[in-house]
Amino acid sequence: SVSVYILQSDFTGGFYIGQGKDLQNRLKKHNNGESRSTKGGRPWRLIYSEEFPTRSDAVRRERFLKSPKGWKELKEIKERFTTERSAAR
């Protein structure tokens, strides 16, 4: 199976949406700085994931969440699964 996942940066509070086969390995790579697009936001925390039978299904879902049509659903997911960042950093 292939996962679509949402990460939140503990450093910036920003989000990243991606997809891949081995979710734990992908998270490790994001936190080790092996992914250029997430290198500056380390450490990352997994806040949400969904499983799909094929990569094409996962890519379709990832694209939807990143599209204007998917923003409302993405916002709801973020609100449901994130914790308030502490103001006392």
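Which residue in β3 is the bridge partner of glutamine 8? Arginine 45 is that partner, and I'll build the picture out from there.

Quick housekeeping. This is a predicted model, where local features need pLDDT of at least 70 and side-chain atom pairs count only at pLDDT 80 or more, while totals for chains, interfaces and linings use all residues. Residues are numbered from 1 along each chain as its sequence is written, and side-chain values use heavy atoms, with hydrogens and water left out.

Now β1, residues 2–9, which pairs with β2 over 6 bridges and with β3 over 8 bridges. On the β2 side, leucine 7 has tyrosine 16 as its bridge partner, and tyrosine 5 has glycine 18. There are 5 residues between β1 and β2 in their hairpin, and glycine 13 in the turn has a positive phi of about 85 degrees.

How many residues of β1 are buried? It's 8 of the 8, so β1 is largely enclosed by the rest of the structure. Buried here means under 20% relative accessible area, exposed means over 50%, and partly exposed is in between, with a 1.4 Å probe and protein chains only. Val2, Val4, Ile6 and Gln8 point one way, Ser3, Tyr5, Leu7 and Ser9 the other way, and all are buried.

On to the helices. The axes of α2 and α3 come within 7 Å and cross at roughly 90 degrees. That makes α2 roughly perpendicular to α3, a label covering 65 to 115 degrees; under 35 is roughly parallel, over 145 roughly antiparallel, and the rest oblique. Axes, by the way, are lines fitted to C-alpha atoms, for helices over the stretch in contact, with angles running from 0 to 180 degrees between N-to-C directions. Where they meet, Arg61, Phe64, Leu65 and Lys66 of α2 are up against Trp71, Glu73, Leu74 and Ile77 of α3, contact meaning heavy atoms within 4.5 Å.

Two arginines to look at. Arginine 61 lies in α2 and counts as buried, at 15% relative accessibility. Leaving out residues up to four places away in sequence, arginine 61 touches Val4, Glu50, Phe52, Glu73 and Ile77.

Arginine 26 is in helix α1, residues 23–31, and is partly exposed, with a relative accessible area of 22%.

One last thing to find on screen: a cis peptide bond joins arginine 42 and proline 43, with omega about 0 degrees. Proline 43 is in the loop between α1 and β3.

Terms used
Pairing = 2+ DSSP bridges. Helix = DSSP H or I, 4+ residues; strand = E, 2+ residues; numbered from the N terminus.
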